[in-house]
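I opened this entry to get my bearings in a structure I had not looked at before. I begin with one residue and its surroundings, then widen the view.

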Amino acid sequence: MINHVIALDMRKRPGTVPQRVTVRRGEIQTQKITASLTVDGATYTPTCQLARLCVLHADGTWARSTATVGNGTVSVTLPPQAVNGAGKCRLAYFEFCSGDSASETTEDFALVILGSVDGSGGQSEDYDNELDALKREWASLNAAVTSATKRAESAASSAEGNADAANKAASAATAAAKQANAAASATKPYYMQAAEPARDKRVDGMLWLKTNESTHKIASFNRWDAGLPGTALWPGATTFPSDSTYPDEKGAWTAFGI
């Protein structure tokens, strides 16, 4: 494991010469970047403990990789997608965030990816390991629903022609259906489209990836929070229905930027 040690200041100053990290395309899980964090030269520990490395490749694609926060440091082992490019990256910096969308970032550093003789890696693509984890969770929940449904169908089929077996199979089918319903209730709807999902399709915690169809990019990540007031109104001395104000259900989108 090659550890590239750099120092990054949280106070961004225009004109500062960025520190340089050089790797070669195809060097997978062997390149680690460890940055000591400072503010005006003094050691700094971020207030937000969720960290990631943000890289904008020379070809315009981006990669976001989960990093680890230490005592005044942040480190990341570069995954394949982070080094699947060539040339000097347009941007490279660490971002720290929390659940309430608060965030802070380091100054930029120069990440240079040298070419390799073997070009089998193909063109680099946009990558976000947090989104990949969400997709894997979604696939796992869908698999649980499918498995429970098949067990219910199998139990019902074997019960034909035998009243006693039918009663036992019915019990097994009921248990399997409950399991399927439990798995289904844990599954949150997922929409990847430009238009806002219809009101009757929204459930608390669902995800809407708003797309930009002209650029084929994700414009924003949006979570539906049913507990937020949104545009809902309650009768009072200063709130009443009119041509421009009217009652509505609670709920609003919480947007997360890239």
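I looked up Leu111 first. Leaving aside neighbours within four places in sequence, I find Leu111 in contact with Val21, Val23, Val55, Gly87, Lys88, Cys89 and Ala92. Contact here means heavy atoms within 4.5 Å.

A note on the source. The model is predicted, so I keep in mind that local features need pLDDT of at least 70 and side-chain atom pairs count only at pLDDT 80 or more, while totals for chains, interfaces and linings use all residues. Residues are numbered from 1 along each chain as its sequence is written, and side-chain values use heavy atoms, with hydrogens and water left out.

Next, the core. The largest nonpolar core has 26 residues, and Leu111 is among those that touch the most other members, as are Ile33, Val74, Leu78, Phe94, Phe96 and Phe109. I take such a core as a set of buried Ala, Val, Leu, Ile, Met, Phe, Trp, Tyr and Cys residues joined through side-chain atoms within 4.5 Å. Buried means under 20% relative accessible area, with a 1.4 Å probe and protein chains only. Among the elements that give two or more residues to this core are strand S2 (20–24), strand S5 (50–56), strand S9 (91–97) and strand S11 (110–114). Strands (E, at least two residues) and helices (H or I, at least four) are DSSP runs, numbered from the N terminus.

Then strand S11. Is S11 mostly covered or mostly open? It is mostly covered, with four of its five residues buried. S2 and S11 run parallel, joined by five bridges, and Thr22 stands opposite Val112 there. Strand S8 (residues 87–88) runs antiparallel to S11, with two bridges, and Lys88 also stands opposite Val112. I count strands as paired if DSSP finds at least two bridges between them.

Strand S15 (residues 217–225) pairs with S16 in the antiparallel sense over five bridges. In this sheet Trp224 stands opposite Trp253 of S16.

Last, the whole chain. I find two helices and 16 strands. Of the 258 residues, 34% are buried.

How values were computed. Buried < 20%, exposed > 50% of the residue type's maximum accessible area, 1.4 Å probe, protein only.
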